[in-house]
Amino acid sequence: MRVGVFTALLSEFPLERVFEKLKKLDISTVELGTGNYPGGPHCPLTMLKDDQQLREFKKKLDGEGFSISALSCHGNPLHPDKDIAKAFVETSRSTILLAEKLGVKVVIDFSGCPGDSDNAKYPNWVTCPWPPDFLEVLDWQWTKKVLPYWTEHAKFAADHGVNIAIEMHPGFVCYSPETMLRLREACGKNIGVNYDPSHMFWQSIDPIKAVRILGDAIFHVHAKDTQIYDFNLPKTGVLDTKKYTDERNRAWVFRTVGYGHAFGWWKEFISTLRMYGYDYVLSIEHEDSLMSPDEGLTKAAAFLNQIIIREPAAAAWWV
């Protein structure tokens, strides 16, 4: 296992500066965004149609001694606005094609969320079974939108030798181990998880126990923490819609690893991942609104490098 970084947190810098920064932190693995929500300043999709640009990009990576753990294109391919959905889907498909050219085996995405009908304008995330029309919406979403799209998209990825790692996130149809495994069972084994424990914490799902449920469905892991504020939790519950920057009044906030849960918790988390066959990358993702990206990255790298004993990179079990 090794420490990596999702470079979206350094998007203001050119890739050369990113490499320079990461080398000082003893990190040589990157996760690169290609578009949709994370943007793609470090891995432009224009390389698909520009062989020279692609060769120069590969040369730069090799010359600096860096490898890519995954390409990320988190989006909502099921968005009810057809133009919005089309843009998300095109980026996702192009990312898969670029991953094939780069020899990257993992593409990270969200599962997406449809509306409540073909005439909807906005996504509709169903969170409760009553009144009964909510379950009717949920059944329509999975039957008419979720499964048809992901069955076809999973096949497209498999045809190009790529695995899709879906990040379980509230607001989308796959937000828990149960919903994630439902999609995987229906659409194939090249659909798995980009496992971000921070999204489990604020749903009151024990991330370590969830590793045991997901098992070999875990393709990639984000290193990000969540701090729960017990003072606010009884008032707001976990479905807190306040802005992330309203830290004083929220029930929880995303934190740099180690600032939500202690060293011992992370050691057990990493050990459990290994126990269940995951021996790939812990990719630092920074969304801590109480720290600058530089501070969060530096502290996260120092924290994780105390736990991870780096060994020569082995091929992932799912390759």
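## An exposed phenylalanine in a loop

F231 is found in the loop between β8 (225–228) and α8 (233–236). Helices (H or I, at least four residues) and strands (E, at least two) are DSSP runs here, numbered from the N terminus. At 76% relative accessibility, F231 counts as exposed. The cut-offs are as follows: buried is under 20% relative accessible area, exposed is over 50%, and partly exposed is in between, with a 1.4 Å probe and protein chains only. F231 and R248 are 17 residues apart in sequence, and their C-alpha atoms are 9.9 Å apart in space.

Before going further, please note that this is a predicted model, in which local features need pLDDT of at least 70 and side-chain atom pairs count only at pLDDT 80 or more, while totals for chains, interfaces and linings use all residues. Residues are numbered from 1 along each chain as its sequence is written, and side-chain values use heavy atoms, with hydrogens and water left out.

Let's turn to β5, residues 163–167. Five of its five residues are buried, so the strand is largely enclosed by the rest of the structure. In a regular strand the side chains alternate between the two faces of the sheet. Both faces of β5 are covered, with N163, A165 and E167 buried on one side and I164 and I166 buried on the other.

Two strands pair with β5, where pairing calls for at least two DSSP bridges between the strands. Strand β4 (residues 106–109) runs parallel to β5 over four bridges, and V107 stands opposite I164. Strand β6 (residues 191–195) is also parallel to β5 and joined to it by four bridges; here I166 stands opposite V193. The chain passes from β5 through helix α5 (residues 177–187) to β6 in a right-handed β-α-β crossover. Another right-handed β-α-β unit is made by β4, helix α4 (residues 133–159) and β5. Right-handed means that, with the strands pointing away from the viewer, the path from the first strand over the helix to the second runs clockwise.

## Nonpolar cores

In soluble globular proteins, nonpolar side chains tend to be buried together. A nonpolar core is a set of buried Ala, Val, Leu, Ile, Met, Phe, Trp, Tyr and Cys residues joined through side-chain atoms within 4.5 Å. The largest one has 78 residues, of which L71, W150, L183, Y195, F269 and I284 touch the most other members. Helix α4 supplies the largest share of this core, seven residues. A second, separate core of five residues includes A70, V106, A165 and F219.

Contact means heavy atoms within 4.5 Å. Leaving aside neighbours within four places in sequence, F269 is in contact with Y195, P197, P207, I208, V211 and V221. S283 lies in strand β10 (residues 281–284) and is buried, with a relative accessible area of 0%.

## Aromatic pairs

Rings of Phe, Tyr and Trp (its six-membered ring) pair if their centres lie within 6.5 Å; planes under 30 degrees apart count as stacked, over 60 as edge-to-face and the rest as tilted. The structure holds 17 such pairs. F263 and F303 form an edge-to-face pair, 5.5 Å centre to centre with 80° between the planes. This pair links distant parts of the chain, 40 residues apart: F263 is in helix α9 (residues 263–275) and F303 in helix α10 (residues 293–305). F263 is partly exposed at 29% relative accessible area, whereas F303 is buried at 12%.

Y278 and Y280 are also edge-to-face, at 6.4 Å centre to centre and 75° between the planes. Both tyrosines are buried: Y278 has a relative accessible area of 2% and Y280 one of 10%. Ring pairs also link Y195, F201, W265, W266 and F269 into a cluster.

## Cysteines

A search of the whole structure finds zero disulfides, a disulfide being a pair of cysteine sulfur atoms within 2.5 Å. For C43, the nearest cysteine sulfur is that of C73, 11 Å away. The sulfur of C174 is 8.6 Å from the closest cysteine sulfur, in C187, which is too far for a bond. C43 is buried, with a relative accessible area of 0%, and C174 is buried with a value of 0%.
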